[in-house]
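Hi,

Here is the structure I promised to pass on. Have a look at it first, and then read my notes below.

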Amino acid sequence: MNKKICFLSLAAVLLTACEKGLDDIVESDGSGQVTNSLLQVRTRGAAAGGEATVAYPVTVYVFQGDECKAAQTIGDEGQTLNIALVEGTYSVYAVGGASSTDYVMPSATDALTTSAIALREGKSHGDLMAAKATATLVDGGTNTVTLGMERKTMLIQSVEIKKVPTAATAVSVTIAPLWKSLTVSGNFSTAGSSQTIALTKQNNNRTWKLPSPVGEGSGVRLFLLPPSSQPASVSVNITIGGTTKTYTYSTSDQLEAGYKINIEGTYTEAVGVSLTGTIEGATWLGERTISFDFDESGSSESGSSEGGEDTDPTPDPSPTGAGSFPQAGDTYQGCYVLASVVATDGESAELTLLSPNEKKSVNNSGMTVSILQTAAAAQGTDDISDWRPMTLAEAQLLQAAHSDLGIEDSRNYLFDDNGTVKQMLMSNGNVGSPTSSAAYIRPVVTITVNNE
């Protein structure tokens with residue numbers, strides 16, 4: 001894999017008479033040895049045109065064996081470090097993009113190569129980079145070492161979930177399992193973390209996105225450390241009526257550090273969520289596309305699966321034997337079960353399903369049953385036909401369950417009362433004729449399910 005790299009140049013130089021005098025820098029390293037060599041550290045980009053950059057600040061750790069001899073920070077591209085050292089062989093580690101305000105940075109006195117550079121509470125990862133090399137300083141000689149900086153994070157550039165039911169009150173995406181920390185040596189530390197990304201409903205009420213664009217130049221960038229084990233998982237969490245359902249897909253080694261990632265998903269009642277993720281190289285490492293879909297049998301209730309593990313999800317309730325039919329309050333094929341009536345022989349059940357979609361209708365004083373029927377049919381789901389307006393009895397069931405469904409008390413819902421359009425107030429079940437005020441249309445359907 002070809003990698004765009006950024007460079008740190010390190011030079012060990014013996015000062016000459018035209019520079020600062022050697023007597024001015026000679027000092028003990030604490031063990032009685034004289035620091036008679038100088039390690040000079042500077043940073044620069046590897047390529048013109050902005051294709052490679054160094055993430056500042058860059059913290060440089062210098063080790064001799066297991067002992068950290070120095071830890072200094074380069075704040076910007078124009079800064080140079082001069083570190084006085086005893087001649088000998090050193091391991092030099094550099095970590096870029098980690099500021100002391102966002103991370104707990106080990107000091108020279110307590111740093112080990114395995115020390116974690118951990119996020120502070122409430123902070124988010126930056127564009128972390130790391131590099132390492134060996135430098136041998138010889139008294140009277142000059143040594144130059146070039147370090148290739150590698151990105152240690154992936155950039156979540158955009159997340160968009162489309163065609164979400166209008167009744168959804170929250171949508172988020174979870175990526176797991178992730179590494180939690182980076183070490184001084186540039187290795188990863190603490191496995192099994194996860195990141196949940198909350199999305200915001202857009203004006204069309206069916207699309208959910210990140211609160212603002214994520215990417216270079218936008219001012220908001222979401223960096224994550226890569227998965228701690230493969231395959232990683234991407235989960236879409238959709239909350240409807242107080243119940244959160246999670247749809248999870250294994251990414252099969254697609255999520256890696258150094259890539260920009262765009263996640264695009266489309267919800268369909270027939271198959272659950274179909275997600276397409278694009279991993280872009282741009283000025284990073286390359287371009288890669290992942291596509292996947294899964295249906296309701298691959299969904300699980302919130303909290304029933306652990307992030308990233310290849311577990312068997314819990315399917316929606318389905319008729320697998322007498323008495324095992326969905327009950328009122330359950331979810332079936334993405335719809336809320338208003339009522340469930342099991343046949344006397346126990347071989348089938350009649351379910352009244354409430355669509356996850358609804359429509360706000362204004363100025364309803366002239367509403368007719370024909371108009372209501374057309375509007376109700378348009379708010380059904382694609383995989384079930386014959387959607388219709390609620391009856392009085394079904395409107396009463398909705399009113400009894402409206403709190404569990406997250407429906408506000410102030411809402412009125414339209415229904416067909418034996419050929420006459422009526423509306424019911426959710427707070428107390430009062431029934432009246434439609435007015436010029438807004439009311440909602442939410443269809444139902446009655447289906448029969450059989451034992452298999």
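**What I found**

The largest nonpolar core has 27 residues, and V171, I175, L199 and I238 are those with the most contacts inside it. At least two residues of this core come from each of β11 (154-162), β12 (168-178), β18 (222-224), β19 (233-240) and β21 (260-268). With five residues, β12 gives the most. Here a nonpolar core is a set of buried Ala, Val, Leu, Ile, Met, Phe, Trp, Tyr and Cys residues joined through side-chain atoms within 4.5 Å. Buried means under 20% relative accessible area, exposed over 50%, and partly exposed in between (1.4 Å probe, protein chains only). Another core lies apart from that one; it has 20 residues, including A55, V86, A94 and A131. In soluble globular proteins, nonpolar side chains tend to be buried together.

Before you go further: this is a predicted model, in which local features need pLDDT of at least 70 and side-chain atom pairs count only at pLDDT 80 or more, while totals for chains, interfaces and linings use all residues. Residues are numbered from 1 along each chain as its sequence is written, and side-chain values use heavy atoms, with hydrogens and water left out.

Now the whole chain. It has two helices and 33 strands; these are DSSP runs numbered from the N terminus (helices H or I, at least four residues; strands E, at least two). Of its 452 residues, 47% count as buried. Taking contacts (heavy atoms within 4.5 Å) between residues at least 6 apart in sequence, 64% join residues at least 24 apart.

Two bridges join β7 to β8 (residues 116-119), and V104 has A118 as its bridge partner in β8.

Leaving out residues up to four places away in sequence, S189 touches A116, W179, K180, S181 and T183.

Happy to talk it through.

Conventions: Pairing = 2+ DSSP bridges.
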